[in-house]
Amino acid sequence: MGRAPFPRVLPAYRRIMRDDDPRLPSSPGFWRSPLRGTWFTSVLGLVLLVGITVLFVTGLVSYAAYNPGLSPVNDQTPDKGILGFFLFAWPTNPYWLYRLTQGLHVTLGITLIPVLLAKLWSVVPKLFALPPARSLTHALERLSLLLLVGGGLFEFTTGVLNVQLDYVFPGSFYPLHFYGAWVFFAAFVAHAALKAPAAVRAVRRQRQEQGDLVSPRPEPATVSRRGALWFVGGASLLLFVTTAGQSIGGALRRTALLAPHGWADPGGGPGGFQINKTAAYAGIDPAETGAEAWRLVVTGRDGRTVRLSRAQLLQLPLHSSALPIACVEGWSTDDQWWRGVRLRDLAALVGYGGDPPDAFVESLQRHGAFRRAALRANQVTDPRSLLALYVNGEDLSPDHGHPARVIVPAAPGVLNTKWVARITFGDL
Amino acid sequence: MRPRPLPLGSPLPLLLPACSFALAAYAGVRLFADDWLGVALWLVGAALLHDLVLLPLYALADRAVARGLDAAGRRAWTMYVRVPAALSALLLLVWFPLISGTVDRRYRSATGLSADGFLVRWLLISAVLFGGSALLLALRVRRATKRRPPAVH
């Protein structure tokens, strides 16, 4: 009927039309924002390069702070293999070390969320680009990007949920967050090595805007690229100022309006500072902590054992130290004034005078991953390490570990065992 | 016809992912050891949920606001809606378990703190953000009207 005189031309023509159909996200014309481009993505990418590196390092440091090599009870990821290559004996100086590193880890992680979301937004057209893989290299790169994006979101999500006690993730937090971090970081390093040089060049150039991220038919701008970056920075700042107070403490705790351990302290008076797990939550039976029932069992060299009531403990030399509680969840307390018996004095009672060894501490707690904890010799030896009986001039409250709790400088909160029932000294 | 070479690409970008994949696999075996299906769902699900649900939702909402204001001849007002709305939504996204009260009981019994304040404080922050934005816009509009010569009516 005289139609279709150029049958060979049509398929190619149709293909081009389909690729350029702006109704499809595989077409560059689908993406209308005038903000997208190499410079915008590069700035966000370089912020994440620095920020995520700090997150990774402080995360590894937190693992080391648990002294996982000392005893299986301290190690939530015993199958780590070479991933624990960096472990070292955790120091007790400065006494605020864990408060700093873990406060930084959690606060920075929360602060970086807007940057992460903006970065993902800025590159989303690439997700839909066709064909899915142009070469083997390209296919591997895209698989790596799945690990990067999926792994990154996984790390941020598990972290954010864990600090809010929302344990909906599939398994225990520690192995998920630790092994997930290695999967994510493996993809992150490859991505950074491939892209960072070009990102640095793009930011140095300052010239707008090339690359396949630029929309071929942008809508009129409602904000400049710089304005959009200020917006992302402002969002980070908002999260920072409503979170950081739970780690900085003092009057600034009030400013942490939405952070789990911000805003207020529990109750008032000498025990009015943040609690990780209350006595009721830990299943502590008040009948076991009374003066009649409770005895501290201390075991040492050659099985030498002493049993001490709280009254007998109070006959021993008492010492004071001002130390914070710093939790893996990122919050911490100001320095509290603890008073009790030095751990090394307890070691001396059972045959370790002068050369305190490691210690294995057991709580009255029936359940919970850290009802038992191991302390390294340097932690036992430190004169500020106490079996505390008082805090801020009063008896410990039940929620802070009455009748006795461990307090060690720079140790993660869960190693400061509450409701202590037994301490075994000896090399672990 | 000569056989075409395999589309391998250049060697360096091939080597780097290989090392990266080796490390990811070493850690991945351990990550997937306990509940491989659950972890896989979370890893892939996180990427899919973000890329195919969260991002399209907020992009569409943003486009609706921009076009709505554009149709009303007020395109310049977009940022005064976008900024407070995005900041408020961001806070809700990050602190959803506490704000929504889904972890109320555990939070209260573990920490000894009241869980009631989070929703109220989020609403107050949102009110301040929207109120502040409206105030800035009102000031801007007033300044613009003053600058306009009175003859234009």
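**Figure 1. The largest nonpolar core of the predicted model.** In this predicted model, the largest nonpolar core comprises 122 residues. The residues with the most contacts inside this core are A:Val183, A:Ala187, A:Leu387 and A:Ala388. Among the contributing elements, helix 5 of chain A, which spans residues 173–205, gives the most to the core, with 13 residues. In soluble globular proteins, nonpolar side chains tend to be buried together.

**Figure 2. The surroundings of A:Ala187.** A:Ala187 is one of the residues with the most contacts inside the largest nonpolar core.

**Figure 3. The crossing of helix 4 and helix 5 of chain A.** The axes of these two helices come within 8 Å and cross at roughly 145°. The crossing of helix 4 of chain A past helix 5 of chain A is left-handed. On the side of helix 4, the residues that meet helix 5 include A:Ser144, A:Leu147, A:Leu148, A:Gly151, A:Phe154 and A:Glu155. Helix 5 contributes, among others, A:Phe173, A:His177, A:Val183, A:Phe184, A:Ala187 and A:His191. Sorted by class, this contact has eleven nonpolar, nine polar and one charged residues.

**Figure 4. The contact between the two domains of chain A.** Chain A is divided into domain 1, residues 25–255, and domain 2, residues 279–425. The centres of the two domains, taken over C-alpha atoms, are separated by 38 Å. Domain 1 of chain A supplies 31 residues to the contact, and domain 2 of chain A supplies 27 residues. On the side of domain 1, the elements that give two or more residues are helix 2 (38–65), helix 3 (97–127), helix 4 (136–163) and helix 7 (245–248) of chain A. Helix 3 of chain A gives the most to this side, with eight residues. By class, the side of domain 1 that touches domain 2 has 14 nonpolar, 16 polar and one charged residues.

**Figure 5. The contact between chain A and chain B.** This contact takes 63 residues from chain A and 55 residues from chain B. Six elements of chain B each give two or more residues to the side that touches chain A: helix 1 (12–31), helix 2 (36–71), helix 3 (78–94), helix 4 (96–100), helix 5 (104–111) and helix 6 (117–147). By class, the side of chain B that touches chain A has 36 nonpolar, twelve polar and seven charged residues.

Conventions
Residues are numbered from 1 along each chain as its sequence is written. Chains are lettered from A and ligands numbered from 1 in the order in which they are written. This is a predicted model: local features need pLDDT of at least 70, side-chain atom pairs count only at pLDDT 80 or more; totals for chains, interfaces and linings use all residues. Domain bounds come from an automatic or database domain assignment. Two residues are in contact if their C-beta atoms, placed from the backbone, lie within 7 Å. Helices (H or I, at least four residues) and strands (E, at least two) are DSSP runs, numbered from the N terminus. Ala, Val, Leu, Ile, Met, Phe, Trp, Tyr, Cys and Pro count as nonpolar, Asp, Glu, Lys and Arg as charged, and the others, Gly among them, as polar. A nonpolar core is a set of buried Ala, Val, Leu, Ile, Met, Phe, Trp, Tyr and Cys residues joined through C-beta atoms within 7 Å. A residue is buried if 20 or more other C-beta atoms lie within 10 Å of its own, exposed if 12 or fewer, and partly exposed in between; C-beta atoms are placed from the backbone. Axes are lines fitted to C-alpha atoms, for helices over the stretch in contact, and angles run from 0 to 180 degrees between N-to-C directions. A crossing is left-handed if the near helix is turned anticlockwise from the far one by less than a right angle, and right-handed if clockwise.
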